[in-house]
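My entries follow the order in which I looked.

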Amino acid sequence: MQNLTATTVPQHVAIIMDGNGRWANARGLPRTMGHRKGVETVRAAVKTAGELGIRYLTLFAFSSENWSRPAAEVSDLMGLLKTFIRRDLADLHRENVRIRVIGDRSNLRGDILPLLVEAEETTRANTGITLVIAFNYGARDEMTRAMRRLAADVAEGRLRPEDITPERIAATLDTSGIPDPDLIIRTSGEERLSNFLLWQGAYSELIFVPELWPDFTRETFLAALEKYACRERRFGGVTEPTLAVGS
Ligand code: IPE
Ligand code: IPE
Ligand code: MG
């Protein structure tokens with residue numbers, strides 16, 4: 001951990017938790033077992049992130065495109081979220097974790113929505129790490145919903161087109177008030193964003209690790225953070241050459 005200091009630990013890390021199915025397949029188990037094991041990794045990752053002083057951890061749990069999976073798997077993933085909130089909410093609250101949920105809430109099962117709202121309400125005043133759960137989330141869907149809201153405001157005369165600024169758009173997205181991710185990690189060796197945080201990730205550093213999500217350990221996490229600490233972020237600008245001592 002020699003490269004990690006308070007100044008190099010990212011404020012916001014987002015993770016595309018991928019590879020549960022392949023983890024299970026490799027063991028001759030049903031995909032469900034991979035998702036179950038993945039929940040244990042979630043617990044450990046939240047703990048590690050909190051210990052390191054990361055302020056926001058966003059986890060991609062279910063995408064707006066994941067509805068195209070077999071009904072049994074979708075149902076299992078819904079059930080796992082439910083169990084996670086039920087079992088872990090008290091612990092997370094005790095650990096001062098604040099929970100936010102991003103994604104479309106309009107077509108969620110009736111037994112899931114109240115749990116998500118409860119998790120957010122219960123932990124609203126907590127001051128520790130913010131755990132952002134991306135559930136039924138897709139960036140294009142998020143942006144479409146935001147654009148519709150802005151268009152409605154313009155149509156009803158509450159907003160002028162020239163008042164639609166990048167800041168206004170950001171404030172209309174599900175992630176309103178959450179800083180952009182400094183680092184996006186994807187597990188399982190796939191190197192794509194799969195519709196995750198397309199607006200917010202404009203200048204995020206991307207790190208792809210080969211480990212499948214159930215195999216994502218504290219060491220894997222720390223190694224990714226060390227790699228991030230060595231990256232040079234420019235945001236379109238230039239970096240001044242370091243002046244020699246005494247010059
Ligand atoms: C990630 O693992 C979990 C979700 C997408 C919900 P996958 O289920 O995508 O696992 P692979 O990619 O098929 O191995
Ligand atoms: C992205 O993984 C979604 C989540 C991790 C929840 P997928 O496994 O759904 O992405 P693709 O289909 O490989 O792009
Ligand atoms: Mg996958």
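Predicted model: local features only at pLDDT ≥ 70, side-chain atom pairs only at ≥ 80, totals over all residues.

**Entry 1: around ligand 1**

Residues are numbered from 1 along each chain as its sequence is written, chains are lettered from A and ligands numbered from 1 in the order in which they are written, and side-chain values use heavy atoms, with hydrogens and water left out.

Of the 13 residues around ligand 1, I listed Asp-18, Gly-21, Arg-22, Arg-31 and Arg-69 as those that come nearest (a residue is near if one of its heavy atoms lies within 4 Å). I then looked up polar contacts, which are pairs of N or O atoms within 3.5 Å; within protein, one must be able to donate a hydrogen and the other to accept it, and residues adjacent in sequence count only if both atoms are side-chain atoms. The side chain of Asp-18 has an N or O atom 2.8 Å from an oxygen atom of ligand 1, and for the side chain of Arg-69 the corresponding distance is 2.7 Å. The protein buries 86% of the 380 Å² that ligand 1 exposes when taken alone (accessible areas by the Shrake-Rupley method with a 1.4 Å probe; for residues, only the protein chains shown count as cover).

**Entry 2: around ligand 2**

Which strand gives the largest share of the shell around ligand 2? I found that strand S2, residues 56–63, gives 4 residues. Arg-69 is here too, with a side-chain N or O atom 3.2 Å from an oxygen atom of ligand 2, and for the side chain of Ser-194 I noted 2.6 Å. The protein covers 77% of the 390 Å² of accessible area that ligand 2 has on its own.

**Entry 3: aromatic rings**

I counted 8 aromatic pairs, taking rings of Phe, Tyr and Trp (its six-membered ring) with centres within 6.5 Å, where planes under 30 degrees apart are stacked, over 60 edge-to-face and the rest tilted. Phe-60 and Tyr-137 form an edge-to-face pair, because their ring centres are 5.9 Å apart and their planes stand at 80 degrees. Since Phe-60 lies in strand S2 and Tyr-137 in strand S4 (residues 130–137), this pair ties together parts 77 residues apart in sequence.

How values were computed. Helix = DSSP H or I, 4+ residues; strand = E, 2+ residues; numbered from the N terminus.
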